[in-house]
Structure formats: C-alpha cells, structure tokens
Amino acid sequence: MSLSAFKRFKVLLAQLTEQANQTDKKNAHLKAHRLLADNALFSDDMFVTYSDKFYPYVKEVERKVDELNRLIALGKNEFAFNQLPLLEKQISSLVTALNANNSMHVGAQQRLNAIKSKRYKKAAKNVMQSSHDLHQKLAEHHEFERRLAAMIYDREQQRTNNSQSVTQQNLSQEILALHQRLGRCRQAISKIEQQIEFSEKRFIKPR
C-alpha cells in the first residue's frame, strides 16, 4: 500500500466514522430500532464485530488499515496484498448499509406500528413473522450478491494478470457465468423486496 493509498483510506475512514456516529445517534432515538437491536448488521464471515451499531465496524476496518500499513512497512507486501479484497468488501458493505439505514428503519417502523395497534394485533403478528422471514431471505441474497461480485472481481484480476490465451478464455467463460448468476440473484432480490412491500402494506395500512 503506497503512502497516497493509505492516506486515501484514512480520509475515507474519517468520513465513515462521522457518518457512522451520526447514524448511530439517530438510530438510538428511533423506537423502531428496538426491533433491530442486539442483531449483527453484517454476517460473521464479513466482520468479526457483532453489533447493531455502525461505529464498531468502522473501527474494525480502521484497525485493519493500520495493520496493513504496518505490514507494508515491514516489507510483507504479499501478505498485505492478500488482505486487501476483504478490506475493500468491508468498506463497500459499510457504505451500502449506511446509505440503506433509512430504508431499513422504514420497514421496522411499519412493524412497530402494527405491534402497537391492538385492533390489528393478530394481523401484526403474522406480518412480523412473514416480514422477518422475508428480510432474512433478503439479507441472505444480498450476502450472495456480495460474494458473487467478489468472485467476479477475483476472476477478472486473474484474467488481467494471466497471459495464456487458453486460461484467459476459460476465465472469461467463468466470468460470464458468474455475471449470469449475479443477474438472477439481483432479480430475486428485487422480487423479495416487492414481496416485503406488498406484505407490509397489506396488513399495516389503516382501515
């Protein structure tokens, strides 16, 4: 990692730290956040951190950036380079999740409103279960989407660094197949999001 690259990471982390702190403070005042509390924001193969707040995840990335810089300073470039893909995925996931925070709490607020309504208590219970299952399914598909994107990136790097035409051709075919799987995955995500919207609107809308 060059000095300029390290500085860029530090600038980005400073921005993420500020955004994470602001978002955590905002969420702390949202009653709907109680439905999301005590749950990890990311899968355990993406982050070691387990929290419903964003700031601890940013700190994990910050520690990793410092460790990479230390490895570079010690001349352990190859080992440091191998850590970069996960670091890039972590940062990308953080940016995506922070930007999606409002949308995530819209659904939570709708479920909270349903819980508070005695008139629709039974319907609210069904909605929560259905919505929970759909949100879990959506999270699994988003994780699959991230993994496919990472695989595509990895294969593209291999193709770029390989000069053998046969190998490049095989990698190109594999990349194409991965793109097709990614397309089907995103179609599934879109369908699940529609199901969530329909499910919550169907039961929560006032009569």
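## Thr49 and its surroundings

Leaving aside neighbours within four places in sequence, Thr49 is in contact with Pro56, Tyr57 and Glu60, where contact means heavy atoms within 4.5 Å. With Glu60, the side chain of Thr49 makes a side-chain polar contact of 2.5 Å. A polar contact is a pair of N or O atoms within 3.5 Å; within protein, one atom must be able to donate a hydrogen and the other to accept it, and residues adjacent in sequence count only if both atoms are side-chain atoms.

Thr49 is found in the loop between helix H1 (3–28) and helix H2 (55–73). Its relative accessible area is 16%, so Thr49 is buried. Buried means under 20% relative accessible area, exposed over 50%, and partly exposed in between (1.4 Å probe, protein chains only).

## Basis of the model and overall fold

This is a predicted model, in which local features need pLDDT of at least 70 and side-chain atom pairs count only at pLDDT 80 or more, while totals for chains, interfaces and linings use all residues. Residues are numbered from 1 along each chain as its sequence is written, and side-chain values use heavy atoms, with hydrogens and water left out.

The chain holds six helices and zero strands, giving the order α-α-α-α-α-α from the N terminus on. Helices (H or I, at least four residues) and strands (E, at least two) are DSSP runs, numbered from the N terminus. Of the 207 residues in the chain, 31% are buried. Among contacts with a separation of 6 or more, 70% join residues 24 or more positions apart.

## Helix H3

Helix H3 covers residues 77–99 and has 23 residues. From its first C-alpha to its last it reaches 33 Å, close to the 33 Å expected at 1.5 Å a residue; the expected span is 1.5 Å times one less than the number of residues. H3 has a kink of about 30 degrees at Leu84, shortly before the proline Pro85. The bend at a residue is the angle between axes fitted to the seven residues ending there and the seven starting there.

The buried residues of H3 are Ala80, Leu87, Gln90, Ile91, Ser93, Leu94, Ala97 and Leu98.

## Nonpolar cores

In soluble globular proteins, nonpolar side chains tend to be buried together. A nonpolar core is here a set of buried Ala, Val, Leu, Ile, Met, Phe, Trp, Tyr and Cys residues joined through side-chain atoms within 4.5 Å. The largest such core has 21 residues, of which Phe42, Phe47, Val61, Val65, Leu87 and Leu94 touch the most other members. H1, H2 and H3 each supply at least two residues of this core.

Not counting residues up to four places away in sequence, Val61 touches Leu13, Phe47, Leu87, Gln90, Ile91 and Leu94.

## Salt bridges

A salt bridge is a side-chain nitrogen of Lys or Arg within 4 Å of a carboxyl oxygen of Asp or Glu, and by this rule the count comes to eleven. One of them joins the side chains of Arg147 and Glu143 at 3.4 Å, N to O. Both residues lie in helix H5 (residues 121–161), four residues apart, about one turn of the helix. Arg147 is partly exposed, at 42% relative accessible area, whereas Glu143 counts as buried at 10%.

Other bridges join H5 to helix H6. The side chains of Glu145 and Arg186 meet at 2.8 Å, N to O. This pair links distant parts of the chain, with Glu145 in helix H5 and Arg186 in helix H6 (residues 165–204), 41 residues apart. Glu145 is buried, with a relative accessible area of 17%, while Arg186 is partly exposed at 45%. In a further salt bridge, the closest N and O atoms of Glu174 and Arg155 are 2.6 Å apart. Glu174 lies in helix H6 and Arg155 in helix H5, so this pair ties together parts that are 19 residues apart in sequence. Elsewhere, salt bridges that share partners join Lys10, Lys59, Glu62 and Asp66 into one network.

## Gln168

Gln168 lies in helix H6 and is partly exposed, with a relative accessible area of 29%. Leaving aside neighbours within four places in sequence, Gln168 is in contact with Arg159, Asn162 and Ser163. Gln168 and Gln158 are ten residues apart in sequence and 8.3 Å apart in space, C-alpha to C-alpha.
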